[in-house]
Amino acid sequence: MNLKEAQIYLNANDYSELASLVGEEVFKIKKYFFTTAFHPKLAQSKVQKLNKLLDIQNNALQMEPKEAMTLILESEEISSFKDCSPLECIVQFNQKRSELLIQLHRAEYIIEIIRCIQSKTKLFLNFASKWPHLNADFMEVKLTKEIDPIIFIQQLRLLDENGINSFESLAGNQKLISSDLIHEFNRLNKIALEFDVGR
């Protein structure tokens, strides 16, 4: 992206505004991931925008590329949640998600932010693909309405204590599962199917 294209893209009056406008856009994107329910499609759109901002930095502003920090969770370390119970799965997911959010908070450079979002997307989709779709014709699935993580763990712990401690047993004991949990399973399952993960 050349200088003129960058000014049009960021609605800048002149060259001197570009660097601060890039910084503002990057800040808004980082803030988004701390305030909004995660959805991979929306994450992808944010990565596309970050790539444009990176292009503006590299070409229009001709800023020196920086050495990005090493991520705690490199892509090969993202859990596939194999051989774990539903309760273990949610605990692992919350731990790794927290690590990535810490990294995203600390990230200074656009390339670091992109890597954090990509890692978070992979983690989320691996997690989402684990959950069964339960029969709930009465229920509208809202993709942006996620269950509180603490409630998710508490309800899975109760099920685990009652012997429902595998993904197969979740599917076979729908009557014992709350409507909130059924909605979350179906929400995650639907998102995973959209991306054809683990199927």
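## How α2 and α4 cross

In this predicted model, helix α2 crosses helix α4 in a left-handed way (left-handed when the near helix is turned anticlockwise from the far one by less than a right angle, right-handed if clockwise). Helix α2 covers residues 18-35 and helix α4 residues 86-106, and they pack at an angle of about 155 degrees with axes 10 Å apart. That angle makes α2 roughly antiparallel to α4, a label for angles over 145 degrees. Axes here are lines fitted to C-alpha atoms over the stretch in contact, and angles run from 0 to 180 degrees between N-to-C directions. Helices are DSSP runs of H or I with at least four residues.

Lys30, Phe33 and Phe34 of α2 meet Leu101, Leu104 and His105 of α4, where contact means heavy atoms within 4.5 Å.

## Ile113 in α5

Ile113 sits in helix α5, residues 110-128. Its relative accessibility is 1%, so Ile113 counts as buried (under 20% relative accessible area, with a 1.4 Å probe and protein chains only). Beyond its neighbours within four places in sequence, Ile113 touches Val26, Lys30, Leu50, Leu104 and Ala107.

## Cysteines

The whole structure holds zero disulfides, taken as pairs of cysteine sulfur atoms within 2.5 Å. For Cys89, the nearest cysteine sulfur belongs to Cys84, 4.3 Å away. Cys89 is buried at 0% relative accessible area, and Cys116 is buried at 2%.

## Reading the numbers

Residues are numbered from 1 along each chain as its sequence is written, and side-chain values use heavy atoms, leaving out hydrogens and water. As the model is predicted, local features need pLDDT of at least 70 and side-chain atom pairs count only at pLDDT 80 or more, while totals for chains, interfaces and linings use all residues.

Terms used:
Helices (H or I, at least four residues) and strands (E, at least two) are DSSP runs, numbered from the N terminus. Angles under 35 degrees count as roughly parallel, over 145 as roughly antiparallel, 65 to 115 as roughly perpendicular and the rest as oblique. Buried means under 20% relative accessible area, exposed over 50%, partly exposed in between (1.4 Å probe, protein chains only).
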